[in-house]
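Work through the following exercises with the sequence and the model side by side.

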Amino acid sequence: MTPSRLSPQAQAIVDRFAQEATAEYLEQFKGGHANFANYHQGRAANLGPSLQAAIDSSPALVDAINRAVQEGHLHKLALMPVGSHAGGQYNPDERMIQIPVHALSDPARGAEATVVLGHEVQHALHRRRAQ
C-alpha cells in the first residue's frame, strides 16, 4: 500500500502556512531582548516542520485535507489570533483552518496538532451541510 501524500494543491497551502506563520510569529517579538528573540526564532522555525509532521503522521488526515482542498472547502491554514484560547477554528467564509501556536511551536505537542487539524478539517468537509 502506498503511503498517503498531500496533493500538490494541499502541499502548497501547507508550504504557504510555513512561510506566513513564521513571519507572523516573529513579528510579535520584534525588538525584544536578544535571548528572548533567539528563543522565539527557534520556536518559529518549528512551525512549518511541526505542521508537516502532524499531517504526515496520519494517513486519514492527509486524505481528509486532500479532499477538503479538492472540494474547495479549504484554502488556507493560519495561526490562531494572539490571545485566543480556542483549541482551533474553521472559518467557513475564508475557508481557513486556524491552529494555536502552542500546538506547533513545541515538537512534544505534535499529537495535539494532529487532533486539532483532524477536528477542524471535519468542519471544513461539512461546511455545506452547516450552511
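Contact here means heavy atoms within 4.5 Å. The structure is a predicted model, in which local features need pLDDT of at least 70 and side-chain atom pairs count only at pLDDT 80 or more, while totals for chains, interfaces and linings use all residues. Residues are numbered from 1 along each chain as its sequence is written, and side-chain values use heavy atoms, with hydrogens and water left out.

**Exercise 1. Describe the overall fold of the protein chain.**

Begin with the elements, which are DSSP runs numbered from the N terminus (helices: H or I, at least four residues; strands: E, at least two). The protein chain has six helices and three strands, and along the sequence they follow the pattern α-α-α-β-β-β-α-α-α. Next, turn to the contacts: among those in the protein chain with a separation of 6 or more, 60% are accounted for by residues 24 or more positions apart. Finally, consider burial (buried means under 20% relative accessible area, exposed over 50%, partly exposed in between, with a 1.4 Å probe and protein chains only); buried residues make up 40% of the 131 residues in the protein chain.

**Exercise 2. Determine which residues touch the most other members of the largest nonpolar core.**

A nonpolar core is a set of buried Ala, Val, Leu, Ile, Met, Phe, Trp, Tyr and Cys residues joined through side-chain atoms within 4.5 Å. The largest one has 30 residues, of which Leu 51, Ile 55, Ile 65, Leu 77, Ile 97, Ile 99 and Leu 117 touch the most other members. Among the elements that give two or more residues to this core are helix H1 (8-27), helix H3 (59-70), strand E1 (76-79) and helix H5 (110-125). Taking Ile 65 as an example, and not counting residues up to four places away in sequence, one finds that Ile 65 touches Leu 6, Ala 10, Ile 55, Leu 74 and Val 121.

**Exercise 3. Is Ser 50 buried or exposed, and what does its side chain reach?**

Ser 50 lies in helix H2 (residues 34-56) and counts as buried because its relative accessibility is 14%. The side chain of Ser 50 reaches the backbone oxygen of Leu 104 at 2.9 Å. Leaving aside neighbours within four places in sequence, Ser 50 is in contact with Leu 104 and Pro 107.

**Exercise 4. Characterise the surroundings of Leu 125.**

Leu 125 is found in helix H5, and its relative accessibility of 8% is why Leu 125 counts as buried. Apart from residues up to four places away in sequence, Leu 125 touches Ala 64, Arg 67, Ala 68, Glu 71 and His 73. For Glu 71, which is 54 residues apart from Leu 125 along the chain, the C-alpha atoms of the two residues are separated by 8.2 Å.

Note on methods: Polar contact = N/O pair within 3.5 Å; in protein donor to acceptor, adjacent residues only side chain to side chain.
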